[in-house]
Amino acid sequence: MYTLTDVTKTYAGKHPVTALDRVTITIPDGQMVAIEGPTGGGKSTMLQMLGALDVPTSGTVTLDDVELSDAGERRLQEVRAERVGIVFQNFNLIATLSALENVQTALVPLGVGAEERLERSRAALDQVAMGDRADHLPSELSGGQQQRVAIARALVKRPRVLLADEPTGNLDGPMRDEILALLHSSWHAMGLTVIMVTHDSRVAASAQRRLRIAHGRLSEIGDGRRAGADEPDGARGDPGGARRSPAPAQDHPDDALEDATPGASHQPTAPGTYEERPLG
Ligand SMILES: Nc1ncnc2c1ncn2[C@@H]1O[C@H](COP(=O)(O)OP(=O)(O)OP(=O)(O)O)[C@@H](O)[C@H]1O
């Protein structure tokens, strides 16, 4: 569970910028959250706080038992390596490594031995339907395929949290739908907390909970509740009372992924009624 209390992030400089302004929020385990908002609003900065990539200027960020805002760089590295998988808009694969080698890199900081690394990385590529492209370089893969490999790399460590910064931002319609379906099926299968920064209305509409950040201020967007959808496997409690039913915005389901994740529900979403409620 994430607990952010009065989190402010100010970038120093000649013209200091307050990217996050007294943000207070709890994100329970197993929740799927979308963060929306205008450009420069503070979304990526928020993701950096959640991903232990940066620390606030003031306030506290806690992930489970670790206060990230107070941790040293070594502890932050451990948290990133063990608990947090991150997926980026531009995939961030290493160009000179094959898909399989890229996935393996996530297990090196965890001290996983070579044989297990290989086994788990192959399984992760199979999970994202990329097993037959294990030896391909990123340049030999489509954008959607590269993002699948990046998701495998994020998930191979079996994280508690998957953070995604515009995961569909560089993809066209069908690939975007496939990646969204994959994020949802992984969420279902692994009981992850998933937090996605997005400008894509379909991605946002598929989340259980929608947040908006503008001028560094966080607000909650109405109730994303959808009827008839199921809970992810391994989903945990809802101390914030914020758990809502998932409803992946997916009407072109990927058969391979459907097969791999029988609990997944791919139903088209209907637009909800949203109202904003300021937080913090
Ligand atoms: N390293 C930095 N140094 C100085 N200012 C920064 C830095 N990173 C972000 N900012 C500023 O902080 C504010 C929030 O930026 P952030 O990248 O979090 O916004 P965003 O909502 O993710 O925007 P976008 O949708 O364009 O990616 C912006 O005004 C930005 O210029």
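Buried means under 20% relative accessible area and exposed means over 50%, with partly exposed in between. The structure discussed here is a predicted model.

Q: Is R122 buried, exposed or partly exposed, and what is its relative accessible area?
A: R122 is found in helix α4, residues 114-127. Buried residues lie under 20% and exposed ones over 50%, with partly exposed in between. R122 falls in the middle class, because its relative accessible area is 41%.

Q: Which residues is R122 in contact with, leaving aside its neighbours within four places in sequence?
A: R122 and A134 are twelve residues apart in sequence, and their C-alpha atoms are 7.5 Å apart in space. Contact is judged on heavy atoms, which must lie within 4.5 Å. With neighbours within four places in sequence left aside, the contacts of R122 are L100 and A134.

Q: How many helices and strands are in the chain?
A: The chain has 280 residues, and buried residues make up 53% of them. The chain exposes about 12000 Å², of which carbon and sulfur atoms supply 48%. Its secondary structure consists of eight helices and eleven strands.

Q: Why is strand β3 described as largely enclosed by the rest of the structure?
A: In a regular strand the side chains alternate between the two faces of the sheet. On one side of β3 are M32, A34 and E36, and on the other are V33 and I35; both faces are covered. Strand β3 is largely enclosed because the number of its five residues that are buried is five.

Q: Which residue in β8 is the bridge partner of I35?
A: Strand β3 is joined by four bridges to strand β8, residues 193-197, and the two run parallel. Within this pairing, the partner of I35 is V197.

Q: Which residue in β9 is the bridge partner of A34?
A: Strand β9 covers residues 209-214 and runs parallel to β3, with four bridges between them. The partner of A34 in β9 is R210.

Q: Which residue in β2 stands opposite Y2?
A: Strand β1, residues 2-11, pairs with β2 over seven bridges in the antiparallel sense. Across this pairing, Y2 stands opposite I27.

Q: How far is an oxygen atom of the ligand from an N or O atom in the side chain of K43?
A: Ligand oxygen atoms also lie by the backbone: one is 2.8 Å from a polar backbone atom of G40, and one is 2.9 Å from a polar backbone atom of G42. For the side chain of K43, the distance from a ligand oxygen atom is 2.7 Å.

Q: Which element gives the largest share of the shell around the ligand?
A: The residues around the ligand include Y11, V17, K43 and H199. The shell divides into four nonpolar, seven polar and one charged residue. The elements that give two or more residues to it are β2 (17-27) and α1 (43-50). The largest share, three residues, comes from α1.

Key:
Residues are numbered from 1 along each chain as its sequence is written. This is a predicted model: local features need pLDDT of at least 70, side-chain atom pairs count only at pLDDT 80 or more; totals for chains, interfaces and linings use all residues. Side-chain values use heavy atoms; hydrogens and water are left out. A residue is near a molecule or strand if one of its heavy atoms lies within 4 Å of it. A polar contact is a pair of N or O atoms within 3.5 Å; within protein, one must be able to donate a hydrogen and the other to accept it, and residues adjacent in sequence count only if both atoms are side-chain atoms. Ala, Val, Leu, Ile, Met, Phe, Trp, Tyr, Cys and Pro count as nonpolar, Asp, Glu, Lys and Arg as charged, and the others, Gly among them, as polar. Buried means under 20% relative accessible area, exposed over 50%, partly exposed in between (1.4 Å probe, protein chains only). Accessible areas come from the Shrake-Rupley method with a 1.4 Å probe; for residues, only the protein chains shown count as cover. Two strands pair if DSSP finds at least two bridges between them.
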